[in-house]
Amino acid sequence: MKGDVVLKCTNNMIITGDFKQDGKHGVGSGGTTEKNEVVFEFSESINDAIAKLDNYKNSKTLLTRSMPTPRKNKNIKLEPNGKYYALLIGNSKYDNWENLTSPTHDIRGIEEVLNKSYKFEKILTVNSGTKNEIFKAFRDLSNLTTENDYVLIYYSGHGMTKAEQAYWIPKDGSKDWGNGDWINTNELNIFLREIKAHHLAVMVDSCYVGGAFKGVTTLDTITEEEFIRYGKQLEDAINLRARSVLASGSSGPVSDTVADFNNSLFALSFINVLKKFDKESYPINMQSIYVSMRMSFAGNYQQKPRLYNPDTWGPSDGEFIFIPKKNLQ
């Protein structure tokens with residue numbers, strides 16, 4: 001059994017997250033409005049729950065804890081087998097839809113941090129692209145990459161669903177469906193399956209279409225033991241095939257900008273995570289990015305990032321890893 005957790009504390013702090021129950025016990029994680037990470041444990045037995053609470057009190061363990069700050073990680077050196085490439089699409093200006101503020105600013109900010117702190121061989125950008133321009137960018141990307149490479153694709157712009165089909169809306173997309181100028185995510189699936197890459201990560205910041213690539217949802221639980229083994233896990237993950245989608249939401253609307261910023265919350269939290277882990281000389285995988293970004297959405301009940309491993313893209317035993325330049329071997 002799976003579900004959502006929403007708790008309001010007496011001090012007005014709100015805790016939100018997900019849980020998964022197997023038999024008599026359940027586990028989960030989430031975040032608070034104070035930007036702390038929370039780990040949940042459930043039990044059908046009141047006595048078991050009381051015993052666990054007593055153990056926490058006796059060991060002075062806090063139920064709410066901040067994400068551990070990486071330290072002394074300059075020794076984590078990774079050697080990718082191929083090169084890193086990115087395609088960043090930001091549609092802000094539209095012929096028939098309301099213009100958006102954040103997409104162009106988002107891909108500009110992401111391109112800046114990737115160029116400065118992470119070694120990407122080439123970053124392709126599409127600003128307010130038409131359907132033909134976006135499709136051409138996918139073809140250009142496919143011509144660049146090999147089966148050893150690591151590919152990031154980021155889309156920000158309008159999205160829409162029709163008859164359970166999800167679409168990206170290009171600059172020249174009609175206001176109404178039926179003219180053939182929207183981009184069906186099934187068409188994108190063909191491009192994505194044909195792209196030659198060892199690791200492929202797709203990030204989607206768009207209304208209604210986040211769940212279009214839905215496969216197995218990844219639990220956002222990271223334990224202390226996992227952090228200790230993190231370096232070894234990264235070595236394994238970078239050598240295994242990976243396919244993943246990180247979306248700003250599932251099937252509902254998402255926000256355009258954050259107050260006092262020209263970026264969306266999704267993009268702003270992504271940029272901040274990349275900057276923080278570069279500063280700490282710490283490679284970061286998609287799972288950790290997902291956990292960190294979800295904490296930025298604490299208290300936002302309408303929009304929650306989702307991480308998927310699409311079933312139709314084949315096996316995904318590794319993880320896309322962003323490696324700061326100083327951590328390259």
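Reply: What follows goes from the sheet to the helix, and then to the cores.

This is a predicted model, in which local features need pLDDT of at least 70, side-chain atom pairs count only at pLDDT 80 or more, and totals for chains, interfaces and linings use all residues. Residues are numbered from 1 along each chain as its sequence is written, and side-chain values use heavy atoms, with hydrogens and water left out.

Start with the sheet. Helices (H or I, at least four residues) and strands (E, at least two) are DSSP runs, numbered from the N terminus. Two strands pair if DSSP finds at least two bridges between them. Three strands make an open sheet, in the order E9-E10-E11, with antiparallel pairing. Strand E9 (159–162) and strand E11 (183–184) are at the edges, each with a single partner strand, so one side of each has no neighbour in the sheet.

Now the pairings. E9 and strand E10 (residues 165–168) run antiparallel and are joined by four bridges. Gly159 is opposite Trp168 in E10. Thr161 has Ala166 as its bridge partner in E10. The hairpin of E9 and E10 has two residues between the strands, and Ala163 there takes a positive phi near 50°. E10 and E11 are joined by two bridges and also run antiparallel. Tyr167 has Asn184 as its bridge partner in E11.

His158 sits in the loop between E8 and E9. Buried means under 20% relative accessible area, exposed over 50%, partly exposed in between (1.4 Å probe, protein chains only). With a relative accessible area of 14%, His158 is buried. Contact means heavy atoms within 4.5 Å. Not counting residues up to four places away in sequence, His158 touches Tyr94, Trp97, Glu98, Leu100, Tyr167, Trp168, Ile169 and Ser206. A polar contact is a pair of N or O atoms within 3.5 Å; within protein, one must be able to donate a hydrogen and the other to accept it, and residues adjacent in sequence count only if both atoms are side-chain atoms. The side chain of His158 reaches the backbone oxygen of Glu98 at 2.7 Å. His158 and Gly173 are 15 residues apart along the chain, and their C-alpha atoms are separated by 9.9 Å.

Next, the helix. Helix H3 (residues 131–144) has 14 residues. From its first C-alpha to its last, H3 reaches 20 Å, close to the 20 Å expected at 1.5 Å a residue. That expected span is 1.5 Å times one less than the number of residues. The buried residues in H3 are Lys131, Ile134, Phe135, Ala137, Phe138, Leu141 and Ser142. They cover an arc of only 150° around the axis, so they are on the same side of H3. The arc is that of the directions from the helix axis to the C-beta atoms. The face turned away from the buried side of H3 carries the exposed residues Asn132 and Asn143. The cover over the buried residues of H3 includes E6, E7, E8, E10, E11 and helix H4 (185–194).

Lys131 lies in H3 and counts as buried at 13% relative accessibility. A polar atom of its side chain lies 3.1 Å from the backbone oxygen of Trp182. Leaving aside neighbours within four places in sequence, Lys131 is in contact with Pro170, Asp172, Gly180, Asp181, Trp182, Ile183 and Glu187.

Ser128 lies in the loop between E7 and H3. Its phi is near 50°, a positive value in a residue other than glycine. Ser128 is buried, with a relative accessible area of 11%.

Finally, the cores. A nonpolar core is a set of buried Ala, Val, Leu, Ile, Met, Phe, Trp, Tyr and Cys residues joined through side-chain atoms within 4.5 Å. The largest nonpolar core has 39 residues, of which Leu114 and Phe322 touch the most other members. H7 gives the most to this core, with seven residues. Apart from it lies another core, of 31 residues, including Tyr85, Ile153, Ile169 and Ile183.
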